[in-house]
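Colleague: Could you walk me through how to read a few local features in this model? I would like the general idea each time, and then the case at hand.

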Amino acid sequence: MALAQKLQARQGTQLAMTPQLQQAIKLLQLSNIELSAFVEEQLEKNPLLERGTGDENRRGEAVDAIPESPTISTDTVSSSEAMSDMDTPDHALAPESTAADVGGSVDWSRNDSNGSFSGSGDYDAAANSAAEITLTEHIHSQLAMLRLSDADRLVAHYLIGQVDEAGYLRMDQAEVCENLGVGPARVSSVVLQLQTLEPTGVFATSLSECLGLQLREMGLLDGPMQALLDNLDLLAKHDLSKLSKVCGVKIDGLKAMIAALKKLSPKPGQAFGGTMAGAVEPDVFIRETPHGGWAVELNADTLPRVLINKRYYNEIKKAGAEDETARSFISECHADASWLVKSLDQRARTILKVSSEIVKQQDAFFAFGIDQLRPLKLRDVADAIEMHESTVSRVTSGKYMHTPRGLFELKFFFTAAIASLDGGEGHSAEAVRHKIKILIDEETATTIVSDDKIVNLLRAQGIDIARRTVAKYRETLNIPSSVERRRIFKHA
């Protein structure tokens, strides 16, 4: 059979993600805080985009952007049509909608005191207050008190840069010597001098060294106390009998030493400012309605509002009618702005739809507590709202819901199922963990329950669970074993 080259036409289908679709997916994954930062970036790039304030809705102007702060029912999601006018700006629309009795009526009017997202009319005390001093700044301010040579001062500056937020020097000394080209004796000498600075305990390389520095300053670091610091693992296990022998003191004396340790700071650097985890802002609010239902609404305080200035767009388009480059640029800006507006609107409605279904599925949790948290999978919500499972996953990632029972990540409501002995509906893994915690919290010195005993107690409640699962859940709750808990009660 002879081989030959030839041209052949084939027809097929292929899924391709356009840049606009990629942007829409990206927006769906962002929290409201991250979304605000993204919109700020787009406002700087696109001359047609402007910040919306919410006042346009009250003036009756026609708009086609994202909803300000919708409140929807857990039963239905009503749609609304956006209007547009070439002579007025586009901005956040407050659609007219209605909802079923479960979640209350739709209210799109939530806003801040001056109708503005940024709240620029209010005095910002935090922005006008002095910045909090960081640990690094505090240490540098004391450096002049040390008698260091020029070479040692350079070593000190380098070491200060290696201190973490807790005040510990995590970098290996050999690595410091290699990076700076100095001997270990010089590094050790500089570290010893830096350890004399405030707060006491900084530049320690371990917890025992940090506590030892504080005890030395207080004049409490003797032989038995040093032995206690060298055996903190025994203290963590509450093995006071063995610890008493190691330290050479009686139980009463050991308890006094432990009490002294509890007064110390294991992380001295955290008393200062610096890079800290930001406070979690909820993306969705859940509130109980007067007639017993649940209302779901977006957090308007962190939800950005944007508008497209069509008047400016028309003026630029007319002025650059003969300039192909200018006309192409402004048309591209208008297309990008329009897509952003539509993406923001779709994001808001999708989050509300997913959140509403979660509330509907976990209604018993909101009404009665964690014991009633039912097993739930992403696919369950996706099938109910007729969306893809990956979409639900993106919506629930990194977003938080403020409820009457506290602040929860949306992922919290999705838990695995523990089988039921009677063949009925399974039990939520989170609810089972809660039951285990309650059983252990109710213990006394004479009623310590082992993992096997917990298995039997849960089986009596119709929960089919293995011992290794109980042990795993107990460890995730940071609860020690029954042997260690018995020691704690014995020496309490």
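**A hairpin and its neighbours**

Modeller: Let's start with β6 and strand β7 (residues 406-409), which pair in the antiparallel sense over four bridges. Two strands count as paired if DSSP finds at least two bridges between them. Helices (H or I, at least four residues) and strands (E, at least two) are DSSP runs, numbered from the N terminus. Before we go on, this is a predicted model, where local features need pLDDT of at least 70 and side-chain atom pairs count only at pLDDT 80 or more, while totals for chains, interfaces and linings use all residues. Residues are numbered from 1 along each chain as its sequence is written, and side-chain values use heavy atoms, with hydrogens and water left out.

Colleague: How many residues lie between β6 and β7?

Modeller: Two residues lie between them, and the two strands form a hairpin. Within this pairing, His-402 stands opposite Leu-407 in β7.

Colleague: In which sense do β3 and β6 pair?

Modeller: Strand β3 (residues 284-288) pairs with β6 in the parallel sense, over two bridges. Here Phe-285 stands opposite His-402 of β6.

Colleague: Which residues of β6 are on the covered face, and which on the uncovered one?

Modeller: The general idea is that side chains in a regular strand alternate between the two faces of the sheet. In β6 (residues 400-403), Met-401 and Thr-403 make up the covered face, whereas Tyr-400 and His-402 are on the uncovered one.

Colleague: Which residues of α7 are buried?

Modeller: Buried means under 20% relative accessible area, exposed over 50%, and partly exposed in between (1.4 Å probe, protein chains only). In α7 the buried residues are Val-187, Val-190, Val-191 and Leu-194. They are on the same side of α7 because they cover an arc of only 100° around the axis, the arc being that of the directions from the helix axis to the C-beta atoms. On the other side of α7, Ala-185 and Leu-192 are exposed.

Colleague: What covers the buried residues of α7?

Modeller: The cover includes α5 (150-161) and α6 (173-180).

Colleague: What is phi of His-238 near?

Modeller: Phi of His-238 is near 60°, again positive in a residue other than glycine. His-238 sits in the loop between α10 (232-236) and α11 (240-247). With a relative accessible area of 30%, His-238 is partly exposed.

**A histidine and the cysteines**

Colleague: Is His-334 buried or exposed?

Modeller: His-334 is buried, since its relative accessible area is 17%. His-334 belongs to helix α14 (residues 324-361). Leaving aside neighbours within four places in sequence, His-334 is in contact (heavy atoms within 4.5 Å) with Leu-48, Ile-308, Lys-310 and Tyr-313.

Colleague: How many disulfides are there?

Modeller: A disulfide is a covalent bond between the sulfur atoms of two cysteines. The rule used here asks for a pair of cysteine sulfur atoms within 2.5 Å, and by that rule the count is zero. Cys-177 counts as buried at 11% relative accessibility, and Cys-210 is buried at 0%.
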